[in-house]
Amino acid sequence: MTDLASLLPDLPCDETAAPVFRAPWEAQAFAMAVALHQQGLFTWPEWAAALTAEIRRAQAASDPDTGETYYRHWLAALERLAVEKGAASAAQLQDRAEAWDRAARATPHGRPVMLD
């Protein structure tokens, strides 16, 4: 059996060589995709098509495709599907992103970020 580290050298792994997320927000994006699928917002084939399209857009825009930006594409696909399926508008998503940015900037280091 081939280990993932030899196949994907940029894949972050824990001390047992099991793959891990690079940052907590990546795990949260993953969990959101699973939850939205479970709620019926999209099918897995729709998800795969949306993620593939986002990765192709990024590659066309010179993304180096090292794996470090994978979950940025994941999040972009989630946002696109949410808008296409009517779960949120682009303006609502932008407003929320700006609110998180303001809250993060106003939060002292080491403290949890809280939205108003």
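Ala88 sits in the loop that connects H4 to helix H5 (90-106), with helices taken as DSSP runs of H or I at least four residues long, strands as E runs of at least two, and both numbered from the N terminus. This is a predicted model, in which local features need pLDDT of at least 70 and side-chain atom pairs count only at pLDDT 80 or more, while totals for chains, interfaces and linings use all residues. Residues are numbered from 1 along each chain as its sequence is written, and side-chain values use heavy atoms, with hydrogens and water left out.

Buried here means under 20% relative accessible area, exposed means over 50%, and partly exposed covers what is in between (1.4 Å probe, protein chains only). Leaving aside residues up to four places away in sequence, Ala88 touches Ala82, Val83 and Leu93, where a contact is heavy atoms within 4.5 Å. Ala23 lies 65 residues from Ala88 along the chain, and their C-alpha atoms are separated by 25 Å.

The C-alpha trace spans about 50 × 40 × 30 Å along its principal axes. Of the 116 residues, 20% are buried. Among contacts with a separation of 6 or more, 41% come from residues 24 or more positions apart.

Helix H3 covers residues 44-60, 17 residues in total. From first C-alpha to last it reaches 24 Å, close to the 24 Å expected at 1.5 Å a residue; the expected span is 1.5 Å times one less than the number of residues. Which residues of H3 are buried? They are Trp47, Ala50, Leu51, Glu54 and Ala58. These cover an arc of only 95° around the axis, which puts them on the same side of H3, the arc being that of the directions from the helix axis to the C-beta atoms. The buried residues pack against helix H2 (24-38) and helix H4 (70-84). On the face turned away from the buried side, H3 carries the exposed residues Pro45, Arg56 and Ala60.

Ile55 is another residue of H3. Not counting residues up to four places away in sequence, Ile55 touches Tyr70 and His73. Ile55 and Tyr70 are 15 residues apart in sequence, and 7.8 Å apart C-alpha to C-alpha.

After H3 comes Ser62, in the loop between H3 and H4. Ser62 has a positive phi of about 80° although it is not a glycine. The residue is exposed, with a relative accessible area of 61%.

Then there is the largest pocket, with a volume of about 800 Å³. On a 1 Å grid over the protein atoms alone, a pocket is an open set of points with protein on both sides within 12 Å along at least five of seven lines, and lining residues have an atom within 4 Å of a point. Grid points are joined across faces, edges and corners, and the volume is the space filled by probe spheres set on them. Of the 19 lining residues, the closest to the centre are Met32, Leu75, Glu79, Arg96 and Trp100. The elements giving two or more residues to this lining are H2, H4 and H5, and H2 gives the most, with 6 residues. By class, the lining has 14 nonpolar, 2 polar and 3 charged residues (Ala, Val, Leu, Ile, Met, Phe, Trp, Tyr, Cys and Pro count as nonpolar, Asp, Glu, Lys and Arg as charged, and the others, Gly among them, as polar).

Methods: 1 Å grid on protein atoms, 1.4 Å probe; cavity = no way out; pocket = protein on both sides within 12 Å on 5 of 7 lines; lining within 4 Å.
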